[in-house]
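User: I am new to this structure and would like to learn how its features are read. Please take me through them step by step.

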Amino acid sequence: MCVVGDVEELGNWKTFNCQMTWTEGHIWVLKDLLVTSKSHFGYKYVLMEGAKPSTWEAGQNRLADLRKLPVVESSPSFDMFNERKGDASAKSVEIFDVW
C-alpha cells in the first residue's frame, strides 16, 4: 500500500515512493513523511503489486490541511513550510484515515 498525491513529497500523482508499512491490528502506517511544499494537498491510497499500482482508491481525492491538524507533542519538530528546525511554529501532525 502507498500514498500518492499532488505534492512533490507524494509523487505528484506519478511516482509511488511513499510505501506504507503494515502493523498489528491491520493498520498501515507511513512515518517520517515531511511535507514542506504546501500546507494543503490532495492524496489517495493505492494498493500495489510489487512496484506497480494495482488498485486506486475510488472517489474524490482526500484533502489534508496541515495547518488545521492537531499537533503531535511527542514528535520532534521539523522544517515545515520553510521554517527553521526547532522553531516553535514548526510542528508534527498525524492523519488517521479509514479505507
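User: Is tyrosine 43 buried or exposed?

Analyst: Residues are numbered from 1 along each chain as its sequence is written. This is a predicted model, so local features need pLDDT of at least 70 and side-chain atom pairs count only at pLDDT 80 or more, while totals for chains, interfaces and linings use all residues; side-chain values use heavy atoms, with hydrogens and water left out. Buried means under 20% relative accessible area, exposed over 50%, and partly exposed in between (1.4 Å probe, protein chains only). Tyrosine 43 counts as buried because its relative accessibility is 5%. Tyrosine 45 is buried as well, with a relative accessible area of 10%. Of the 99 residues in the protein chain, 33% are buried.

User: How many helices and strands does the protein chain have?

Analyst: Helices (H or I, at least four residues) and strands (E, at least two) are DSSP runs, numbered from the N terminus. The protein chain has zero helices and six strands, and its pattern along the sequence reads β-β-β-β-β-β. Contact means heavy atoms within 4.5 Å. Among the contacts in the protein chain with a separation of 6 or more, 48% are between residues 24 or more positions apart.

User: How many aromatic pairs are there?

Analyst: Rings of Phe, Tyr and Trp (its six-membered ring) pair if their centres lie within 6.5 Å; planes under 30 degrees apart count as stacked, over 60 as edge-to-face and the rest as tilted. By this rule there are five aromatic pairs. One of them joins tyrosine 43 and tyrosine 45 edge-to-face, at 5.9 Å centre to centre and with 90 degrees between the planes. Ring pairs also link Phe41, Tyr43, Tyr45 and Trp99 into a cluster.

User: Which residues form the largest nonpolar core?

Analyst: A nonpolar core is a set of buried Ala, Val, Leu, Ile, Met, Phe, Trp, Tyr and Cys residues joined through side-chain atoms within 4.5 Å. The largest one has twelve residues: Met1, Val3, Val7, Leu10, Cys18, Met20, Val35, Phe41, Tyr43, Tyr45, Ala64 and Leu66. Strand β4 (residues 40-49) gives the most to this core, with three residues. Another core, of five residues, lies apart from the largest one and includes Cys2, Phe16, Val46 and Met48.

User: Which side chain of opposite charge is nearest to lysine 44?

Analyst: In this reading Lys and Arg count as positive and Asp and Glu as negative; His and the chain ends are not counted. A salt bridge is a side-chain nitrogen of Lys or Arg within 4 Å of a carboxyl oxygen of Asp or Glu. Lysine 44 lies in strand β4. Although buried, lysine 44 has no salt bridge, and the nearest side chain of opposite charge is glutamate 57, 6.0 Å away. The side chain of lysine 44 does, however, reach the backbone oxygen of glutamate 57 at 3.0 Å. Leaving aside residues up to four places away in sequence, lysine 44 touches several residues, including Cys2, Trp13, Trp56 and Glu57.

User: How many salt bridges are found in the whole structure?

Analyst: The search finds two salt bridges. In one, the side chains of arginine 62 and glutamate 57 meet at 2.8 Å, N to O. In another, the side chains of arginine 62 and aspartate 97 meet at 3.3 Å, N to O. Arginine 62 lies in strand β6 (residues 62-65) and aspartate 97 in the segment after β6, so this pair ties together parts that are 35 residues apart in sequence. Through shared partners, salt bridges join Glu57, Arg62 and Asp97 into one network. Arginine 62 is buried, with a relative accessible area of 17%, whereas aspartate 97 is partly exposed at 30%.

User: What phi does histidine 26 have?

Analyst: Most residues other than glycine have a negative phi. Histidine 26 has a positive phi of about 60 degrees although it is not a glycine. Histidine 26 is placed in the loop between β2 and β3 (27-29) and is exposed, with a relative accessible area of 66%. Aspartate 32 also has a positive phi, near 60 degrees. Aspartate 32 is in the loop between β3 and β4, and counts as exposed at 76% relative accessibility.

Definitions and conventions: Polar contact = N/O pair within 3.5 Å; in protein donor to acceptor, adjacent residues only side chain to side chain.
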